[in-house]
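Let's take a walk through this protein together, one stretch of chain at a time. Have a look at the picture before reading on.

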Amino acid sequence: MEGSQTSQDSVHPHPYVPKDLHLPGYVPCFLSQSNILSGYGSFFVILFALTWFFSGRLKKTKVDRLLIFWWAFTGLTHLILEGYFVFAPEFFKDNTGFYLAEVWKEYSKGDSRYAARDAAVVAVEGLTAVLEGPASLLAVYAIATGKSYNYILQFAVSLGQLYGTATYYITAILEGDNFSTNSFYYYAYYIGANFSWIVIPSIISIRCWRKISAAFRVQSQTRKTKVR
């Protein structure tokens with residue numbers, strides 16, 4: 001039995017680092033890198049077109065329309081893509097060519113902790129999918145309908161994204177930061193694919209901080225006026 005398993009592993013050696021990472025039953029990607037990335041890119045473009053069209057009918061500002069797109073994009077990414085990773089621990093065994101499994105097989109070339117089910121990665125992705133995914137979609141609704149809590153909600157979720165991204169990178173550094181197949185995957189996937197979740201949440205956090213602070217200043221000035 002052991003000899004059979006060893007033989008099976010040798011038929012499909014995985015491309016991940018470290019090479020001695022044990023992934024019994026690993027099945028290589030059916031889709032090419034270009035097919036996987038074009039699929040995700042198509043989702044990005046279609047979602048942008050839909051949110052831009054519908055937010056335009058609501059007569060929102062360009063900033064709000066971009067925010068509606070961002071929160072829809074990040075919410076669906078958290079829920080569907082990251083949610084699949086959390087609840088499909090053996091995605092590397094998929095032999096059907098299922099798109100979400102293919103995405104994680106490909107991304108693991110940039111960070112093999114995903115294929116290895118690293119505890120820190122699973123914890124961060126689990127919280128992100130379960131908490132930040134629905135909260136991001138709630139932010140879409142809050143902005144679209146002009147709810148009073150939309151700034152504090154965006155601020156809270158953005159801080160959560162920044163905390164999760166920081167944890168993701170810090171744990172990798174503490175563990176040796178040696179999980180990428182080569183420098184291309186390191187910079188394209190490990191760095192590049194996560195860059196948006198550093199820059200955009202930072203910008204949103206600053207904007208929301210200013211909006212909330214301005215509202216409290218107005219409220220404070222109004223109270224002082226009434227006292228007089």
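A residue counts as buried when its relative accessible area is under 20%, as exposed when that area is over 50%, and as partly exposed in between (1.4 Å probe, protein chains only). Helices here are DSSP runs of H or I with at least four residues, numbered from the N terminus. Please keep in mind that this is a predicted model, where local features need pLDDT of at least 70, side-chain atom pairs count only at pLDDT 80 or more, and totals for chains, interfaces and linings use all residues. Residues are numbered from 1 along each chain as its sequence is written, and side-chain values use heavy atoms, leaving out hydrogens and water.

Start with helix 4. Eight of its nine residues are buried, so helix 4 is largely enclosed by the rest of the structure. Among the buried ones are Trp104, Lys105 and Tyr107.

Now find helix 2, which runs over residues 33–57. Its buried residues are Ile36, Leu47, Thr51 and Ser55, and they pack against helix 3 (62–87) and helix 4 (99–107). Helix 2 also holds Ile46, which is exposed, with a relative accessible area of 51%. Just after helix 2, Lys59 takes a positive phi of about 60°.

Finally, turn to an unreviewed UniProt entry, whose "transmembrane region" annotation covers residues including 151–174 and 186–209; such annotations may be inferred rather than shown by experiment. In the model, residues 151–174 are 100% helix, with end C-alpha atoms 34 Å apart. Residues 186–209 are also 100% helix, and their end C-alpha atoms are 33 Å apart.

Definitions and conventions
Helix = DSSP H or I, 4+ residues; strand = E, 2+ residues; numbered from the N terminus. Expected span 1.5 Å × (residues − 1). Contact = heavy atoms within 4.5 Å.
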